[in-house]
Amino acid sequence: MLIKNVILDGAKKDVRCTHAFVSEVANELLAHEGERVIQANGGELLPGLHDHHMHFFATAALQRSVDCGVSSAPTATGQLHNAESLSHMLANSSGEGWLRGVNYHESIAGDLDRWQLDALVSDRPVRIQHRSGKLWTLNSLAVEALDLTAHKELAGIELDDRGIPTGRLFRLDAWLREKWGQQDPLDVSVFSRQMASFGITGFTDTSVTNTAATVRQFRQLCDEGEILQHAYLMGDDSLDFGHLKILLDEDNLPPLNELEARIRRAREKERGIAFHCVTHIELLFAIAALNSCADLDPQIQFADRIEHGAMIFDDVLPMLRALNLSVITQPRFLYERGPQYQQNLTEHELAHLYRHRTLLDAGIKVGLSSDSPYGPLNPWQVMQSSVARRTAGGVVVGARDCVSPEQALAGYLSSVNAPGGVVRRIAVGEPADMCLLTRPWSDVKNDLSAVLVSHTVVAGEVIYSRIED
Ligand SMILES: [Zn+2]
């Protein structure tokens, strides 16, 4: 494949890919007979983007879920959240088969059970997740489809005083996932193509629930061409490779010796450690746990990571550096949740929120990511948020942490194993994972959120093309 007339590292070039690699870069290359030629018309050619922290299946599922927390149908009384608007949304959902709702709260239409849901939708199986994540409510078709009556003994399936399942299921996600996997397979290919349209050629799924079975599922979906990107997983203690994901919750921290034992077992498998740390206390605890295992060699190949690092105070910086920890941050939350932060955090906390520039200046590696579905997937919006650090209300938060457009881009261009490390390049012998923009970088760098991707290439194959060649 030949890509003609790109801007690469500031100069006009032609680039050839052979198999999965870049094979030639020159001022002018002539097409071979029968070779596919892409006319770039002066668009910037970049290495493909890697989203260093996201949740693939949860995002794919959200794409076809009804958000019960917001109404698309204001009623005559002006109320946005009520049974009538919920009924309207569910009844007007496109598609057939299972219908999935998320983000439900009883302030909308009271406590739901199967019979109340039947009154809203009775022609297809429906499942609705409570905002807390603890409870799913099913209508009668869904109760029958999952044969709940045959599983009445399972703790978590609520029964009425006649012993009939009410359709309310508490904390049964693992069991439900298995059942739904057979009944309601997720079409992930649409979502993977959407990622490709942003120039994403790889991602790291950081879900704490990832097991060996999830790894097999991803492999199969990649082999079948349903997932077009390079997919990397971290996960629980059962995995033999990839980072061990450890969720820390400041209100419920584990005994330090238990955490130390988990780290030691992971180190025996040559795994890196990825700590979910949002608060200062969580970050200090992660650092203490890693320090208590300092007698073991950390993984050179898979460096340890701090996921989010939402709150990093200056006294922690030398410790992060000493442990060679990368911070995987999500500056887009400043935009999405900015007004909430402004209300709930002190000035001092706001000044240390989702830091970027000052971490780089302190010699700490920073990888960028979406945390999709909790933040928007679009990497160009994420980058723009690290440049501008504006809330949805237009207020700049922590101005000294604004980065240059090039620094923001670098957050997506580092390799999977070294987020925020060396930026990948397009050069002879490098993997042909690329993102071709419609315009040169110099034209788009002042508003990254408006970037348009022309073509996305993974392993020498075009996985996305804006206009059919
Ligand atoms: Zn996450």
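Predicted model: local features only at pLDDT ≥ 70, side-chain atom pairs only at ≥ 80, totals over all residues.
## Domains at a glance

The domain assignment divides the protein into domain 1 (1-48 + 425-469), domain 2 (58-183) and domain 3 (189-424).

## Where domain 1 meets domain 3

Taken over C-alpha atoms, the centres of domain 1 and domain 3 are 28 Å apart. Domain 1 brings 21 residues to the contact, and domain 3 brings 22 residues. Together they bury about 1800 Å² between them, and carbon and sulfur atoms give 67% of that area.

What kinds of polar links cross this interface? Between domain 1 and domain 3 there are 6 residue pairs in polar contact. The interface also has 1 salt bridge. Glu406 and Lys445 form a salt bridge in which the closest N and O atoms are 3.0 Å apart. On the domain 1 side, the elements that give two or more residues to the contact with domain 3 are strand 5 (45-47), strand 20 (434-437), strand 21 (453-458) and strand 22 (461-465). Strand 21 gives the most to this side, with 4 residues.

## The zinc site

Now let us turn to the metal. Which residues hold the zinc ion as protein donors? They are His53 through NE2, His55 through NE2 and Asp371 through OD, lying 2.1 Å from the ion. Along the chain, these donors follow the spacing H-x1-H-x315-D.

His53 has a relative accessibility of 1%, so it counts as buried. His55 has a relative accessible area of 10%, and because that is under 20%, His55 is buried too.

## Helix 16

The buried residues in helix 16 are Pro379, Trp380, Val382, Met383, Gln384, Ser385, Ser386 and Val387.

Both ends of this helix have a detail to look for. At its start, a side-chain oxygen of Asn378 reaches to within 2.9 Å of the backbone nitrogen of Trp380. After helix 16 comes Arg389, whose phi is positive, near 50 degrees.

## Salt bridges across the structure

The structure holds 19 salt bridges. One of them joins Asp14 and Lys4, with the closest N and O atoms 2.7 Å apart. This pair links distant parts of the chain, since Asp14 sits in strand 2 (residues 11-18) and Lys4 in strand 1 (residues 2-8), 10 residues apart. Asp14 and Lys4 are both buried. They also belong to a network of salt bridges in which Lys4, Asp14 and Glu28 are linked.

The side chains of Glu24 and Arg16 meet in a salt bridge, at 2.8 Å from N to O. Glu24 is partly exposed, with a relative accessible area of 32%, whereas Arg16 counts as buried at 3% relative accessibility. The other pair is Arg357 and Asp361, a salt bridge whose closest N and O atoms are 3.8 Å apart. Because these two residues are 4 residues apart in helix 15 (residues 357-361), about one helical turn separates them. Arg357 counts as partly exposed at 29% relative accessibility, while Asp361 is exposed, with a relative accessible area of 57%.

## A look at Asp160

Asp160 is found in the loop between strand 11 (157-159) and strand 12 (165-170). Is Asp160 buried or exposed? At 17% relative accessibility, Asp160 counts as buried.

Asp160 also has contacts to follow. Its side chain is joined to the side chain of Arg162 by a polar contact of 2.6 Å. Leaving aside residues up to four places away in sequence, Asp160 touches Trp115 and Thr166.

Definitions and conventions
Residues numbered from 1 in each chain as written. Heavy atoms only, no water. Donors = N, O, S within 2.8 Å, 3.2 Å for Na, K, Ca; no water. Buried < 20%, exposed > 50% of the residue type's maximum accessible area, 1.4 Å probe, protein only. Domains from an automatic or database assignment. Contact = heavy atoms within 4.5 Å. Buried area = accessible area lost by both parts, 1.4 Å probe. Salt bridge = Lys/Arg side-chain N within 4 Å of Asp/Glu carboxyl O. Polar contact = N/O pair within 3.5 Å; in protein donor to acceptor, adjacent residues only side chain to side chain.
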